[in-house]
Amino acid sequence: DVEDEETTREVSNNQDLSTLYTLQVVSKAIDLSLAKELKNLLFGSSLCCFSEEWKIQSFTFNNTPQLKYGIVQKKGGPCGVLAAVQACVLQQLIFADSNRNRDTRCLQPSEVHRTKCLTMAIADILWRAGGNEKAIVALPSGRQQFTPIGKYKADGILETLILHSATRYEDLIVFLQQNIHQFEIGPCGCILLTVSVILSRSINLVRNDFDVLTNRLIGSHGYCTQELVNLLLTGKAVSNVFNNVIELDSGNGNITVLKGITSRSDIGLLSLFEHYDVCQVGCYLKSPKYPIWLVCSESHFSVLFCLEKDLLGDWKTERRFDLYYYDGLANQEEEIRLTVDTTQMCTEDKENDLTPPLEHCIRTK
């Protein structure tokens, strides 16, 4: 079996890399003041804690044969983080090897290969947040690193963290390879990634990304805010999905600055809010570098993707193509594939409309 041979070779390569390689990673324990700042940024208060839904969520893969590429969401809440990581895993899975002919076989990876893609996806998310210069990986130590006192409520996770800093991309990859089980099997991989991406960007820069200093990264019901999703996709926790910056005159010579996406993103976003004219997604997110989009619909994030890289650059490919849809929360049992034919005109009847929300999202593009 050829795939098995490839798998063994991959494993042995990784082992060689880590044994021959001198890791330059600096580690230090979290302290009370940093834990407080993190909670304020996440929840708006250092007396809040992660919900149960967040605590039990890691990046565990689907075992349904047709959906081996998919990450499973156990309960509602952290879907924005899961969908962003899922999209970056798909980018690695489908487009990392430019020599390979892309067909549906890339959606049936071996366990070793999908774990490798998860490692690369997390590395890219953290490195991008660190301005392509540094990254911080937060991992639990199993014991408290400080005594929770004052206005701070312990949650059993933040207090145990050790923060590992890498200033070379190669160090980051090797370190993540050695610790990927913490993210994949968990139990709290989703929290670890969220803390790591914030610290890689830095608390000050994340706060400066916000339109309003009092914004936060986790909203009501434990949902991810747009700021957190943007941080994962673009490395900046800006509050909006339009291109660049909009300055509004708010009277008395005051200018309100609304911050959007500053360059073309690897991964895109389509939103049901745009269908209802609540927001406008700019082309930096709507036409990303890879044909993979997060879909924001009815306070939930899922993923839409295409195997054709040309989809975003060749109008002939755009005439008729297939999109795959994956929702980690939906207990999906088989692949969902949609065929889009842009040569067919269709009229929308807004009064009496039975069109599914997903189709509305696709039509915004």
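Trainee: What do I need to know about the model before we start?
Mentor: It is predicted, so local features need pLDDT of at least 70 and side-chain atom pairs count only at pLDDT 80 or more, while totals for chains, interfaces and linings use all residues. Residues are numbered from 1 along each chain as its sequence is written, and side-chain values use heavy atoms, with hydrogens and water left out.

Trainee: Ok. Which residues touch the most other members of the largest nonpolar core?
Mentor: Phe59, Val81, Phe183, Ile198, Leu294 and Phe305, in a core of 95 residues. A nonpolar core here is a set of buried Ala, Val, Leu, Ile, Met, Phe, Trp, Tyr and Cys residues joined through side-chain atoms within 4.5 Å. Buried means under 20% relative accessible area, exposed over 50%, and partly exposed in between, with a 1.4 Å probe and protein chains only.

Trainee: Which helix gives the largest share of this core?
Mentor: Helix H4, residues 79–95, with 13 residues. Helices (H or I, at least four residues) and strands (E, at least two) are DSSP runs, numbered from the N terminus.

Trainee: And what does Phe59 touch?
Mentor: Leaving out residues up to four places away in sequence, its contacts include Ile71, Val81, Leu82, Val85, Leu118 and Phe183. Contact means heavy atoms within 4.5 Å.

Trainee: What is in the second core?
Mentor: That one is separate and has 15 residues, among them Leu270, Leu304, Cys361 and Ile362.

Trainee: Switching to Leu139: buried or exposed?
Mentor: Buried, at a relative accessible area of 4%. Leu139 lies in strand S2, residues 135–140. Leu163 is 24 residues from Leu139 in sequence, yet their C-alpha atoms are 6.6 Å apart. Among the residues that Leu139 touches are Phe175, Asn179, Gln182 and Phe183.

Trainee: Which residue does Asp171 meet in a salt bridge?
Mentor: Arg168, at 3.1 Å, N to O. Asp171 is buried at 0% relative accessible area, whereas Arg168 is partly exposed at 32%.

Trainee: How many salt bridges does the rule count?
Mentor: The count comes to 10. The rule asks for a side-chain nitrogen of Lys or Arg within 4 Å of a carboxyl oxygen of Asp or Glu.

Trainee: What about Asp266 and Lys289, where do they sit?
Mentor: Asp266 is in the loop between S5 and strand S6 (268–271), and Lys289 is in the loop between helix H11 (283–286) and strand S7 (292–297), 23 residues apart. Their salt bridge is 3.7 Å, N to O. Asp266 counts as buried at 18%, and Lys289 as partly exposed at 40%.

Trainee: And Arg337 with Asp322?
Mentor: Their side chains meet in a salt bridge of 3.8 Å, N to O. Arg337 lies in strand S10 (residues 336–341) and Asp322 in strand S9 (residues 320–326), so the pair ties together parts 15 residues apart in sequence.
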